[in-house]
Structure formats: structure tokens, C-alpha cells
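Visitor: I would like to learn how to read a few features of a fold. Please take them one at a time.

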Amino acid sequence: MQTTTAETAFLAQVGEAADRHVTAFLATHDDDVPALAHRPAMARLLDLVTVFTQPGSRFFRKEGIGEAMILCLDRLEVLQGPTGLFDGTNLCSPPDSAFTLNDVCLTLRLVRALDGDRFPGEGPLLGEVDGRLAAIIGRSVEAMVAGGVHTPNHRWELCAALAQINLFQPRQDIRVRIGQWLAEGIDQLPDGMYSERSPLYATAVTNPSLLTIADSAGRPELLDHVRRNLTAFLPWFNPDGTVESVFSRRQDQWMAFGATPFLHLYRRFALQDGRADFAAAAAWLATLPLHEPAKLLALTRLDPWLAGGLPGAPASGPGLSLPPALTPPDAVLESCGAYRFRAGGSVATVFGGCDPLVPGVGSGLATNPTFLSFRHGESVLSDVRLSRSFFDLGPFRSQATSLRDRSVVLSEEVQASFYQPLPLDRLRADGIYPLEHEGRFSAAMGFSARAADVHRLKTGMTVTIEDGQACLDACFDGTRTAFALELTFRPGGVLDGVEPATVPGAFRLVDGTGSYRMGRDVIEFGPGLPPDPDAPAAYNPGESYRYLGGTNAADGVKVYISGWTTGRYLFTFRGYSA
């Protein structure tokens, strides 16, 4: 294949970023290898081998790099337990070991791809790397074939490691085990998201693993799952270099997730399938700081689909804005309860896909109570939440979500009870009754045997997008109590029209409209509601968090609009550039 100017430019960009990355960690962490866990120790070894064997790198065949490689190998061998698995946070976990073993195999493939291209002096060094890594693989096989998992994506990470191991040490039981896991079916929802709905795990685990299995085990049908997932994510990138993650069921639901880990995925299929939309995404992602650049360089050397020039994509460079392929007017992820609308330079994202909290907040559930975000240029209203003083049950989380034209309807009903005395036939002389969880808390009171006085609160939120603004119609029915609408803005801008709240560092809007300005970009919001000392301007994460001294509060500049759960309230968020 003839090398193109675009290919040369991409390889140079990745190579330079890899060199900077290796230079930085050698300068600041050259003596910490004996304290590294197995995954970062192996990641460092992969980075070192990649730049050491890369012509044009400042580390190409550089003396002294071999010592750093040997330290990493020593550390890996210390951490590999008698079963062949690596000890760590999840003890001797097969899937956690698979993350490391996938990098072991990638490094071994990189070394063996050199074949006769090794030069005097580097042959013995790379020969030692080859032999010791092959031995690490050999010690792991039995446990990896027999081992189990504990999250959905672990199945595919484990299969990817087995598929690569089978390239070096072929065994029938490896192929059988891969088939056993794949027979469960890939956990892909109808709209293309995987069951964990997570951009972090889509980029770090599921999509790369499916690619590896497809390429290493001859299962090309798995590539269609990756294509569908990448297509689903296209409308959810943000101009600031992040991708929406509020709908995730994993820890990235609480973070602004950087988009660059998607680069090699879009680049692979842009080149393999000739897709202009994927090429546009890859070109934009390449303008951002590269994620794990040395590993990206290794993948590019081994995967012929990664290195070519992108079909029909604009040349990458500083300031490349989001391309049209990433900015359709509307986008829907029905299985996640997520909706995105663009108009007049503004972007509104509505989320109503929280999972049921039974019995409470837990890992693996989508529980982020942010139901609306609104952006206009550089000005970002990152989180709109509704907090209520209702038996400490926490903020509004939609239980039902529907789309009507450009309106999203969200609704929730919460309830709590006061309990009557036990019936005579359920009384116990010793006063000891069953321990039960009644929805808010647990107690040895035999709740299920008691008559209850139920208090209910229904909350409805309708978000309508029109003329570049988001209109929020909030209505309540049931118990009268205080609420606080919390608006969290990305720091760095200027607030106007608000006054200090009782919460230190926060503000409240008590009349008219307020505004938040970042440069020339403004978000206007309101109207405010009259102050009331009995309707506190504050956020309550709920007893599930507060009992343990925790919180799920969003970070940023806070503005509160507080009132009472009686009737209906209309709020508007409008973006414009001054």
C-alpha cells in the first residue's frame, strides 16, 4: 500500500504524542515501577516497547530504555500469582487479569512483527521481552479458560484476551470457552448502546474487545455491533471535547468524559467501510489531545485499517469545529431515556432514564438526577436538578419518559408512610419484630403487617425546545412541601441578576431573569420566585447518600429557584451571543 501524505501526517502526530508521553513519565515516575499495580506496569512496558521499536522516535533503539523495560517485567512477574492471574483490587480476578494480558499480547505481537528487522544489540533485549511475556501468558491459560466475570463488559475483555492468547498458544478449550461466552449474545440495546450505556466502557472495553475477537478469532460478525454503537454515539459529542455520559450506568455518569478514546474506533471503520460520517468524527477527534498515544501508535502499526488517509474528511488541525455528521438537529437514545435537540446555536439534552432505586442507590445503576443540560457556545448549564423536602427521598428522577414532537415529558411519583399499630394477632410478647426495608430505611418493626397512612407527591416535567430555547413546565400534585430547582453552571463565567443564597458560594434567583455569560455567549434563565425562609435554596441528595456522609452533588456555580409544590411553574433557558 502506498503511503499517503495524510497517513504520514497521522503517524507523525501519534508518534510525537507518544514520545511526549514517554518523556513525561520517565522524567517524573522513573523510580516508581516497584509500586505499580499490574495494569499500569504492563501499560508502561507496552509504551516503552512501542517507542523503542518505532523508527523516527527519539527513543528508537535508545540505550537505557531496556533497563526500564526489565523493571516492568520484574514487577509483572512478582504480581502474577500461583494461579497465573494477577492480584489486585478484585483479588485474582480473571477479567482484571485480562486487561493486562491483552496488553501483554499486543506487546508480543509488536515484537514478533519485527521479525528480521531487529538490529544488533536490540535482538537480545527484545528476545528477553518476548520470552518473559510468552511465559506470563503460558502461566495464565488454565485460569483464564476456567475463570468467571462480574460485570457485563468483562465477558468480552476476557474473550479478547483468550482470542489473542490462542494466537500464541493454540488450544481447543480456548476456542470452546470463547464460544461459550459469545453464545450469551452481545448485550446491545436496540438503539446501539450496550447494556451499561457507558462511553467509558464502550471505548475502554467492549468495542476494542469485540474488534480484537473479530480480528483474532475470525468472528467478523462482531464488527457490526461496534458499527452500531459508534453510530449511536455520533450525535452525543460536545464542542468542548467531551461526550455525553449522563445516561451511563457506570461511574462516568458523574464526570465530563473526554471523547478522544473514540478516535481509533471511528478511524478503523472510516477506513474499512469508507464512511464519511465516521471519518468526520475521527478527523475532529484527532484535533484533541490524544488518549494513550503510545498504545494508539502500537495499534496503528498492527492494524492496517488505522494508518490510511480518511475518506472525504477535512484536514485535521487546531480549532476544527464539530462536523455536521456530529450535529443533527435531534437525537434520541430511547433505551437510555436521553434526548438531544439543537437549534439557534444552542444544545439541550434531556435525560429521564434513571433506573429504579430498589432498595437504594447502587453501583451499576443509572442514578444521575440531572434531567436537563443546556449549552450555548462556551456558556454551559451542565446540570438542572429538582430537590424536594419529601421524607429525605432525594431529588427528582423520572420514572416515565416520552417524546412528543420536540417536547420530552418526564414524570415521577414518590410516596412515604406513617404506620399504624400492629394488629392484635401480630403482637409478640418479646417485642422483637422482623427487620424490613420500607422504602426509606430499615427497622425491626414488621412494616408489612401494619396499616399505613400514605403520603404521595407527583412531579411532572415537560421540556419543550423551540426557537433555540428550552422551556420547562413543572407541575406538582399531592403533598405540599418545599422544592429547590438547582442550576449548575460550568465555572469561569459571570452571573448577573442573582443574589447570595444561605449556602456559602451559592446564589438564588428571586425575581425576573438571571444570566450567565462566558465570553460572548450567554444563557438567560428564569423567572425567579420570591424568597421564603421555609423553602430553602439548597440541594438534598437523599438519605441514601446523607446517611453515609456522602453526596452526588454536581460541581460548578450554583443558582437556586425555590418554592412550594403547589400548582405549576414555567421556566425558560435561552441562549444568545452578545
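Visitor: Which residue in β20 is the bridge partner of F507?

Guide: This is a predicted model. In it, F507 has V559 of β20 as its bridge partner. Strands β17 (residues 507-508) and β20 (residues 557-564) are joined by 2 bridges, and they run parallel.

Visitor: What sheet do β17 and β20 belong to, and in what order do its strands lie?

Guide: They belong to an open sheet of 9 strands, ordered β3-β4-β5-β6-β7-β14-β20-β17-β16, with mixed pairing. The edge strands, β3 (330-333) and β16 (499-500), each pair on one side only.

Visitor: How is a helix read, for instance the span of α4?

Guide: A helix has an expected span, counted at 1.5 Å a residue, to set beside its end-to-end reach. Helix α4 covers residues 94-113, 20 residues in total. From first C-alpha to last, α4 reaches 27 Å, close to the expected 28 Å.

Visitor: Where does α4 bend?

Guide: The bend is at T100, by about 25°.

Visitor: Why is α4 described as largely enclosed by the rest of the structure?

Guide: A residue counts as buried under 20% relative accessible area. Of the 20 residues of α4, 17 are buried, so the helix is largely enclosed.

Visitor: Why is E466 called partly exposed?

Guide: Partly exposed lies between the buried limit of 20% and the exposed limit of 50%. E466 is called partly exposed because its relative accessible area is 38%. E466 sits in strand β12 (residues 452-466).

Visitor: How many residues along the chain separate E466 and R574?

Guide: They are 108 residues apart along the chain, while their C-alpha atoms are separated by 9.8 Å.

Notes
Residues numbered from 1 in each chain as written. Predicted model: local features only at pLDDT ≥ 70, side-chain atom pairs only at ≥ 80, totals over all residues. Heavy atoms only, no water. Helix = DSSP H or I, 4+ residues; strand = E, 2+ residues; numbered from the N terminus. Expected span 1.5 Å × (residues − 1). Bend = angle between axes of the 7 residues up to and from the residue. Buried < 20%, exposed > 50% of the residue type's maximum accessible area, 1.4 Å probe, protein only. Pairing = 2+ DSSP bridges.
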